[in-house]
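This report goes through a structure chain by chain and then turns to the places where the chains meet.

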Amino acid sequence: MDEPSADVNEHVLYPPMPAPDELSAFFWDGIARHELLVMRCTSCGWLLHPPKGSCPRCLSTSLAVTDLSGRASLVTWSQPMQSHEPYFQARVPFVFATVNLVEQEPLRFATNLVDCDEDALRIDLPLVVTFRDVAPGCTLPLFRPA
Amino acid sequence: MVNASKRVAIAGVGYSEIGRRLPHSDDELVRQAVTAALDDAGMTTSDIDGIGTSGGVALSIGQLLGMMPLNWFFTSTQIGPAFSETAVMTISAVASGVCHTALAIRLIRQAGGGRPSLEAMAAMTGPPDGPRRVGGDQQWTAPFGGSMPATFLGGLQMQRYMSEFGVTQEQFGVHATIQREHAARNPDALLRDPLTLDEYLASRFVSKPVRLLDCDYPCDAVSCVIFTTAERARDLRKPPVLVEAWAMAGVSDLDMTLLDDFTANSVAPCSEALWSRTDLRPSDVDTAHLYDGFSVICFEWLEHLGFCGRGEAGAFVEEGKTRLGGSLPLNTDGGACNVGRRHGANFCIEAARQLRGEAGPRQVPGAEVSVWSNASGAFAGAALLTTDR
């Protein structure tokens, strides 16, 4: 493992920002409005994340956008102690996590946990989404203990 | 119609020079590894009619080494299960009769691991000191700092595994010390100095709970295994090693942050498929060679292949069962944490050497059945090998 650069640029404000595409634009537009949206199959009701052009359960292309409660539970997590990204190198250790949104099992979502003690982290810890403006023009859906 | 189900054997194995940031080209390392494998088998380039590779391009390697015409060639996307994908494809090709003797190659360089480096990706999307954007699959991970394999693969799996089953960092530490003991008996290993449990526990976290010593050791390496029919293998330089069964499994696309099950993942269905294709049982296995790109993956394989129950790998290791002299010597070459990141190929090659009785000071006496595996998370592959009994 290579050592991260020692001269971290403290002026860096930006994490790698999402580049919305045709399928994901609704999601990131929703995040900017502080709404957590996913695709729902109108044929079988399955919730999809990340968004695709068809439902993996029934192959229907009839998909609609639906709003989620933002409640989730903790599936697993890791705390990076180094990063090639100056934004994250300045913030280590932070908590990268996979959470499951309560509306469906499985409905996994990758995120960061904030406002929590390391010692409190456990499988199934109840969480709730919090929309954070992490950089100018960049709002991300993070999670904190409910 | 010709019978299209042939017994497959390993005829030869070989490595290039292996080390950190070697000055050689990819082509030169491939030439070295293939030459070593051909020499091991007592074969020449004209005996080869198939090439599978992960790293490089199969047809280019065929051209480079004067092996044209080929009857079969396969180039991995390099996002599949590393060497095991290529090995499974190659075994299947020989078994089908579409070719009779094929190389399975894994070419890997220290930086990047076959994918663009994070630095290279950053250069494509913009400068690090201003707004830049990441699309595709990375848009769901990179904005949260989860792009490092020790985080999205090793970290997420190891944390879930430790939290779910209560396996301790000390148990992972014992595993690391045992693998290092084995590496000390392997002149080809890159890390051979004795390792104590205290040294393991003092090593730094890369992405907690993954320590540096839970990670495979990046290096430049080309590995080559020659698969042929059992019939042909019996006329060659070395005793044939027979492929008893082989399997692969995939459970998701490459976003390993979103697995349905972080501790069973692809390892469980791959293990189940492997045992469904043989009358042999886990108790028949004399040596195990299980992928340790991150040490938790090795524990997953121990459990899902049936050598111990779910969550019991830590105790299994602590009881000394995976040591040389134990009931299931594991990663007798030292594993990828010590021989370097050969991305799965070393497990196949070490299994073959054990079954030939060529493992020198780390030889398991009378080894007749070995299992090797590779990868975890989205995809996995494994094979069961035997002597020519």
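Predicted model: local features only at pLDDT ≥ 70, side-chain atom pairs only at ≥ 80, totals over all residues.

**Chain A**

The mean pLDDT of chain A is 92, and 92% of the residues score at least 70. An exception to that level of confidence is the stretch of residues 1–10 of chain A, where the pLDDT is below 50. Beyond near neighbours in sequence, this stretch has 13 contacts in the model.

Two helices and nine strands make up the secondary structure of chain A. Read from the N terminus, the elements follow the order β-α-β-β-β-β-α-β-β-β-β. The C-alpha trace of chain A spans about 55 × 35 × 30 Å along its principal axes.

Within chain A, three strands form an open sheet with the order β3-β2-β4, and their pairing is antiparallel. The edges are taken by β3 (47–48) and β4 (63–67) of chain A; each has a single partner strand, so one side of each is left without a neighbour in the sheet. Strand β2 (residues 37–41) of chain A is joined to β3(A) over two bridges in the antiparallel sense. In this pairing, A:Met39 stands opposite A:Leu48 of β3(A).

**Where chain B touches chain A**

The contact between the chains involves 37 residues of chain B and 39 residues of chain A. On the chain B side, the elements that give two or more residues are α4 (118–125), β5 (133–134), α5 (149–165) and β6 (205–208). Of these, α5(B) gives the most, with seven residues. By class, this side of chain B has 16 nonpolar, twelve polar and nine charged residues.

Strand pairing also links the two chains. Strand β1 (residues 17–18) of chain A pairs with β5(B) in the parallel sense over two bridges, and A:Pro18 stands opposite B:Val134 in β5(B). Strand β5 (residues 71–80) of chain A is joined to β6(B) by two bridges, and these strands run antiparallel. Here A:Gln79 has B:Lys208 of β6(B) as its bridge partner.

β6(B) also has a partner within chain B: it pairs with strand β7 (residues 210–211) of chain B, antiparallel and over two bridges. B:Phe205 has B:Arg211 in β7(B) as its bridge partner. One residue lies between β6(B) and β7(B), which form a hairpin.

| Strand pair | Sense | Bridges |
|---|---|---|
| β2(A) and β3(A) | antiparallel | two |
| β1(A) and β5(B) | parallel | two |
| β5(A) and β6(B) | antiparallel | two |
| β6(B) and β7(B) | antiparallel | two |

**A helix pair in chain B**

How do the axes of α9 and α10 of chain B cross? The axes of helix α9 (residues 267–275) and helix α10 (residues 295–304) of chain B come within 9 Å and cross at roughly 40°. Angles under 35 degrees would count as roughly parallel and those of 65 to 115 as roughly perpendicular; α9(B) and α10(B) are therefore oblique to each other. Their crossing is right-handed.

Which residues make the contact of α9(B) with α10(B)? From α9(B) come B:Val267, B:Ala268 and B:Ser271, and from α10(B) come B:Glu300, B:Trp301 and B:His304. By class, the contact has three nonpolar, two polar and one charged residues.

Note on methods. Residues numbered from 1 in each chain as written. Chains lettered and ligands numbered in written order. Axes fitted to C-alpha atoms, helices over the stretch in contact; angles between N-to-C directions. Helix = DSSP H or I, 4+ residues; strand = E, 2+ residues; numbered from the N terminus. Parallel < 35°, antiparallel > 145°, perpendicular 65-115°, else oblique. Left-handed = near helix turned anticlockwise from the far one by under 90°. Contact = placed C-beta atoms within 7 Å. Nonpolar A, V, L, I, M, F, W, Y, C, P; charged D, E, K, R; others polar. Pairing = 2+ DSSP bridges. pLDDT = per-residue confidence, 0-100.
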